[in-house]
Amino acid sequence: MSLGLPRRYLALAVLVIGVLFVFPFYAGDFRMNQLGLFLCFVMFALSLDLIWGFTGILSLGNAVYFGGGAYFVALSLKLKYAATNPARYGSGIPDFMEWNGLTAVPVWMRPLENIWFAAPAGILAMGLLAFVFGFITFKRHIYGVYCAVITLAESLIFEELIIEKQAYTGGFNGITDYGSYSSNINFYWVILAVTVVFFWLARRITTSHFGMILQSIRENELRSEFFGFEVANYKIFVFTVAAMMSAVAGGLYAALNGIISHQEIGPLLSVEGVIWVAVGGRGTLIGAFVGTILIKGAESLLSEQFAWMWGLLVGLIFILVIVLMPDGIVGTLLRRARRRRALAAGRAPAYEPRATGAEDTPTA
Amino acid sequence: MAEALFAQFLTGFSIVAILLIISLGLAVIFGVMRVINMAHGDFIMVGAYVAFVMQEYFKLNLFWGIPAAFLVLAGIGMTVEWGLIRQLYGRPLETLLATWGVSVVLQQGIRLIFGPELRYVRAPQLLDGDFAVPGSNLPFPYFRLFIIILALGLLLLTYWILYRTDVGMRVRAVNQNRPMAEVLGIDTRRIDRFVFAFGSGLAGVAGTILAPIKTVSPGMGFPYAVDSYMVIVLGGVGRLVGTVAGASVIGESETVLAFLYNNVIAKLLVFTLIVLVIRVFPQGLFTLQRR
Amino acid sequence: MASNILEIRDLVNVASGHTIIDHLGLEIEEGELRVLVGPNGAGKTTLIDVITGRFKPTSGQIMFRGRSIGGRPRHEIYAAGISRKFQVPTVYDNLTVFENMSVGLRGHRKVFSSLTYRITSKAAAQIEEVLARINLLARAGDEAHTLSHGEKQWLEIGMVLASDPQLFLLDEPTTGMTRDETTKTAELIRDIARRRTVMVVEHDMSFVRRIAHKITVMHQGKKLTEGSVREVENHPRVAEVYLGRQKISEAT
């Protein structure tokens, strides 16, 4: 099973994974939990890199799938917790249900009591949602700015929907107090393992012929259409896969965090994910890791002291990255390495388009 | 029930007017520059804060706030266009993301200056109270009537500028065929700056109008931004009639549906409607075909 | 007598109220090298657009090898064996020349089949053969954006060749090329036409003269005339349509 990676990158990857593996032993529980949550975000960012960095689909609403997966798991754990903790939950049902006048868990929610049903159900449900959305959007060649804006609206609507249906979702405060796997080193390793598997999977996809077609779609969708590819199908496929990845990440996040709210579903997280990928480097896979860890890590370290200006700083950094370093950190490094190699081979690199993606290709 | 429905329909008019005011600026910008300004909602928000400042520090009422907001936001718009949009010319997705950065900066900046608390702006006394809608007993607030009149006024102003002035003609030329306009000697960069400033100014005005209705806070702008995007997606690009159509359909549908069900269901249904319409008209209901 | 590979009957295409193709009839024989000329706005590119499925015909018929393809989806038309080269060199800037070519390779169009496909050495050899023909073999590992304008045109021709089309549609392939590049391109097209049917849309009459056997002249969406190079050049309406009412002798 070839990993398709040059020797030196493979060694680096093993090193990084090793560091992440032993991290809890040196950093303590709090940081371990933090890193676990960050890794969930990394997986989310990875899924965004697949659809945006490689295929050119800018979705500003993919947190819907992350949050969706999270809600399935959180609900399931909450139902279980409420049913088995009579001391805290006398009536055996979650608090937010009680506050909204429910006396028993609704029938259609019952199956969620079993986590081994709820988690896969969440993943499949998000996949289905993405498939339907992708079908509606991509079959009609809605892309570029229109797609971005529609996904943004979708995200906002789902967020409001979640808040509104408070009897079932905990409303604005979300789902809390359901026991969690925090400070559990084994669970941390599970998250790490899933992250590694997802990276491997993403690499397989992007280095395959399929992956190359995706990139061709990003570069020039029209040209690929006329080479006989049903571009919409490719987009729908990768969009669905990305959604399911996000759902897994969201489920793990919910299990680790112990709290889930509308924030995990709304436009804020959706756009944050795009920012992480943009800063790390889109179309590089590893950029998703670098960008997320860098920004989230800096946020946790700096916001403790500079809480008041952290938001402002992120905004400014983002603007600078987009304007000056559109390939992101990893992307710019790779591009420089390529240039150096080309120069060494005696060829002067000609005009280079700045970003790794073509923009709206004219349709008519 | 029928009377209540009619009342909602009337209220819907003012909602349509609000949508029109907040979308007009963006529609003009997007029509000419094909740029989605993710900070549009925050421009609206800044407009609301301008009204607040005028009220608290200058003791001037909303009628002064409106032109002040226009000028302030036109200035901000010009700065953003010059410093940012121009650098990313020809890359609409990049521009969209960069303006998101501007949005964050504006929100955080306002939060630093004014704090996160809600602020209140009063409507001018002149417009307090209701009047009876002729032909029924329904009360209709003067302020909402003012909004409708203002919306029509701004629409007419935009129309007049676009179709009756020299500048407007150049804007339309750039809108329809940018390379050709350049070849004919039109300074498209200048036009872009003008358009962006004008659109931003309109956003500022929208903010002052909304300030008395909704409470003013740093994060108030975002839902309006999304609303305005939907108006453009549905109504189409490059033609004023499209923006009016989009605002009307969305405004009335949302109001009536919100009355029949609730706010969130209304939004969901309208969103579904938009997506379905887009399937048939991928570029909106009334889009100008560019060569 | 060779059969017609492409038959267009009474084709009409209306867009935004304008009639761009106006009851056009056209027949191309198997193995021909046909050139389509006409002034700007005559509808030549739109004709290619309609044939390849970019636009649906408003009415009329397009038959490819006896099968009606008018209004069919683009991927079906491609699968039937029609491939086009765009007017502006349309390649994948950030993919290497080799990768560009492999996108063109015939087969494995469906999502699931491309997921499991690994490029075979036979396919790679095919690609290298085409790259050699278009003189880009040395650049196989370079990203396409490093190519010159003319090289990009050739790359796109190569990509279309890799898709092994039976009807090859080229839209102004020499746009922006130098004189030498144009000569090379003429050679290339003649070579391609030996084993396939080719239709070229062109403006540059000197280039047309070098490759054409038969020319079709289009004007305002209709077929104006058809014939050999000499017949077309001497046709009075052709000069009028291209140059205005003035007689050419008066101009020179």
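In this predicted model, C:H219 has C:K222 as its bridge partner in strand 10 of chain C. The pair belongs to the contact between strand 9 (residues 214-219) and strand 10 of chain C, which run antiparallel over 5 bridges. Strands of a sheet pair through backbone hydrogen bonds, either parallel or antiparallel.

These strands belong to an open sheet of 6 strands in chain C. The strand order is 6-7-8-3-9-10, and the pairing is mixed. Strand 6 (82-85) and strand 10 (222-227) of chain C stand at the edges. Each has a single partner strand, so one side of each lacks a neighbour in the sheet. From one strand to the next, the twist averages 20 degrees. Helix 1 of chain C packs on this sheet. The helix touches strand 3 (33-37), strand 6, strand 7 (167-171), strand 8 (197-201) and strand 9 of chain C. Its direction makes about 145 degrees with that of strand 7 of chain C.

Chain C also holds an open sheet of 4 strands, in the order 2-1-4-5. Here the pairing is antiparallel. The edges are strand 2 (18-29) and strand 5 (67-68) of chain C, and each pairs on one side only. Strand 4 (residues 59-64) of chain C joins strand 5 of chain C through 2 bridges, in the antiparallel sense. Within this pairing, C:M63 lies opposite C:S68 of strand 5 of chain C. Helix 1 (residues 44-52) of chain C packs on this sheet. Its contacts there are with strand 1 (4-15), strand 2 and strand 4 of chain C. The direction of helix 1 makes about 70 degrees with that of strand 2 of chain C.

Overall, chain C contains 11 helices and 10 strands. For its 252 residues, a compact globule would have a radius of gyration near 18 Å. The value for chain C is 19 Å, which agrees. Its C-alpha trace spans about 60 × 40 × 40 Å along the principal axes. Of the 252 residues in chain C, 43% are buried. Among contacts in chain C with a separation of 6 or more, 67% involve residues 24 or more positions apart.

Chain A has 12 helices and 2 strands. From the N terminus on, its elements run α-α-α-α-α-α-β-α-α-α-β-α-α-α. A compact globule of 364 residues would have a radius of gyration near 21 Å, and chain A has 21 Å, which agrees. Its C-alpha atoms fill a box of roughly 75 × 50 × 45 Å, taken along the principal axes. Buried residues account for 52% of the 364 residues in chain A. Of the contacts in chain A between residues at least 6 apart in sequence, 81% join residues at least 24 apart.

Helix 10 (residues 267-280) of chain A was examined in more detail. At 1.5 Å a residue, its 14 residues should span 20 Å. The end C-alpha atoms are 20 Å apart, which agrees. Of the 14 residues in helix 10 of chain A, 13 are buried, so the helix is largely enclosed by the rest of the structure. A:G281 follows helix 10 of chain A and has a positive phi, near 125 degrees.

Chain A contacts chain B through 36 residues of chain A and 33 residues of chain B. On the chain B side, helix 4 (92-114), helix 9 (221-235) and helix 11 (263-280) each supply at least two residues. Helix 4 of chain B gives the most, with 14 residues. By class, the side of chain B that touches chain A has 24 nonpolar, 5 polar and 4 charged residues.

Chain A also contacts chain C, with 26 residues from chain A and 25 residues from chain C. On the chain C side, helix 2 (74-80), helix 3 (97-104) and helix 4 (111-116) give two or more residues. The side of chain C that touches chain A divides into 9 nonpolar, 11 polar and 5 charged residues.

Conventions
Residues numbered from 1 in each chain as written. Chains lettered and ligands numbered in written order. Predicted model: local features only at pLDDT ≥ 70, side-chain atom pairs only at ≥ 80, totals over all residues. Pairing = 2+ DSSP bridges. Contact = placed C-beta atoms within 7 Å. Axes fitted to C-alpha atoms, helices over the stretch in contact; angles between N-to-C directions. Expected span 1.5 Å × (residues − 1). Buried ≥ 20, exposed ≤ 12 C-beta atoms within 10 Å, placed from the backbone. Rg over C-alpha atoms; globule rule 2.2 N^0.38 Å. Nonpolar A, V, L, I, M, F, W, Y, C, P; charged D, E, K, R; others polar.
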